[in-house]
Amino acid sequence: MTGPMTVPSAVDQHDARAALHRLRAEVAKAVVGQDAVVTGLVIALLCRGHVLLEGVPGVAKTLLIRTVATALDLESKRVQFTPDLMPGDVTGSLIFDPHTAAFTFREGPVFTNLLLADEINRTPPKTQSALLEVMEERQVSVEGERRVLPDPFIVAATQNPIEYEGTYPLPEAQLDRFLLKLTVPLPSRDEELGVLRAHHAGFDPRDLGAAGVRPVATAADLAAAREAVRRVYVAEPLFGYIVDLCRATRATPALELGASPRGATALLNTAKAWSWLAGRDHVTPDDVKAVARPTLRHRLRLRPEVELEGVGVDSVLDTVLATVPTPR
């Protein structure tokens with residue numbers, strides 16, 4: 001897909017939900033044991049947000065993005081971020097054509113639906129900023145000309161949680177622009193045995209068609225789902241609950257940086273998407289709690305002395321969720 005998303009015909013929201021639920025089974029043909037991450041990617045697509053994936057090398061992050069894109073009939077591209085990567089290598093640049101004596105624009109890899117920004121913290125801030133600007137504006141401007149990115153468009157950026165030498169960590173202001181931070185876990189023993197058996201039987205991660213992965217949802221399904229999520233009802237006490245959760249992170253002694261108002265907006269949107277995927281037309285407090293950790297964890301910064309004690313952001317969030325009164 002190279003242009004804005006078009007919806008050829010109206011799709012019933014129930015059909016759209018069923019199509020997105022089939023996604024898990026389809027992805028499982030190639031990727032084992034990552035249902036939670038797949039759900040997070042679907043929520044990001046429904047909310048038009050971006051995802052930060054954190055996991056050690058070898059847990060199939062690249063394969064996961066390619067498989068999700070295939071199952072949704074979307075285009076995906078991958079960029080390996082390195083210290084010498086330039087902004088134009090990501091967004092595209094003007095190239096001089098000697099035959100026409102004119103400059104033509106060569107599209108960068110951001111002109112896709114799902115962009116895997118592999119090891120985003122290995123490239124200098126100048127290139128990071130170019131990508132993050134594209135994520136926010138969903139367009140590329142070169143020589144005053146505006147070029148709109150395809151719709152849908154989300155970035156799935158990866159970080160290695162155990163290796164920081166030679167990296168350029170994303171500043172908090174840029175982290176705040178990611179909708180979700182998802183942890184890609186190591187598989188269980190049984191899941192890892194399944195991976196070995198699949199490779200022994202001839203599974204090739206570069207050939208998803210041979211693995212039986214087929215499109216099970218379309219851009220029309222996604223458009224219908226987005227519209228249905230937009231109409232999910234939120235009672236007034238839930239607005240207050242979301243605001244109170246975010247304000248509580250700003251007052252927690254363990255944190256030197258709490259969730260911003262953008263974080264509150266993100267929590268509202270992800271809770272609505274989670275509720276709709278669960279088959280409800282209204283948000284409950286449990287929906288908010290279910291998405292609070294992936295939506296807020298990357299927006300918070302621990303105090304150094306707390307971090308030295310081995311306390312994690314998720315445990316602080318657990319305390320906040322346990323102490324803020326839940327609306328009835």
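Is Glu-145 buried, partly exposed or exposed? I looked this up in what is a predicted model, and Glu-145 is partly exposed, with a relative accessible area of 44%.

**Entry 1: the partner of Glu-145.** I found the side chain of Glu-145 in a salt bridge with that of Arg-147, at 3.2 Å from N to O. I then checked Arg-147, which counts as buried at 17% relative accessibility, because the limit for that class is under 20%. I noted one network of them, which links Arg-48, Asp-151 and Arg-226.

**Entry 2: domains.** I recorded the division of the chain into domain 1 (10-227) and domain 2 (232-327). To the contact, domain 1 gives 21 residues and domain 2 gives 19 residues. I took the centres over C-alpha atoms and found them 25 Å apart. I computed a buried area between the two domains of about 1800 Å², with 62% of that area coming from carbon and sulfur atoms.

**Entry 3: salt bridges between the domains.** I counted three salt bridges between domain 1 and domain 2. I next looked up Asp-176, whose side chain meets that of Arg-262 in a salt bridge of 3.0 Å, N to O. Asp-176 sits in the loop between α6 (172-175) and β9 (180-183), and Arg-262 in helix α10 (residues 261-277), so this pair ties together parts that are 86 residues apart in sequence. I noted that Asp-176 is buried, at 10% relative accessibility, whereas Arg-262 is partly exposed, at 35%.

**Entry 4: Arg-301.** I found Arg-301 in a salt bridge with Glu-172, with 3.2 Å between the closest N and O atoms. Arg-301 also forms a salt bridge with Glu-256, where the closest N and O atoms are 2.6 Å apart. Glu-256 belongs to strand β10 (residues 255-257) and Arg-301 to strand β11 (residues 301-302), so the pair joins parts 45 residues apart in sequence. I classed Glu-256 as partly exposed, with a relative accessible area of 36%, and Arg-301 as partly exposed, at 33% relative accessibility.

**Entry 5: a nonpolar surface patch.** I asked which residues make the nonpolar surface patch of about 300 Å². Leu-94, Phe-96 and Phe-103 make this patch. I placed Phe-103 in strand β4 (residues 102-107) and found Phe-103 exposed, with a relative accessible area of 56%.

How values were computed:
Residues numbered from 1 in each chain as written. Predicted model: local features only at pLDDT ≥ 70, side-chain atom pairs only at ≥ 80, totals over all residues. Heavy atoms only, no water. Patch = residues over 30% accessible without salt bridge, like charges linked within 9 Å, V, L, I, M, F, W, Y side chains within 5 Å. Areas by Shrake-Rupley, 256 points an atom, 1.4 Å probe, with all protein chains shown as cover. Salt bridge = Lys/Arg side-chain N within 4 Å of Asp/Glu carboxyl O. Helix = DSSP H or I, 4+ residues; strand = E, 2+ residues; numbered from the N terminus. Buried < 20%, exposed > 50% of the residue type's maximum accessible area, 1.4 Å probe, protein only. Domains from an automatic or database assignment. Contact = heavy atoms within 4.5 Å. Buried area = accessible area lost by both parts, 1.4 Å probe.
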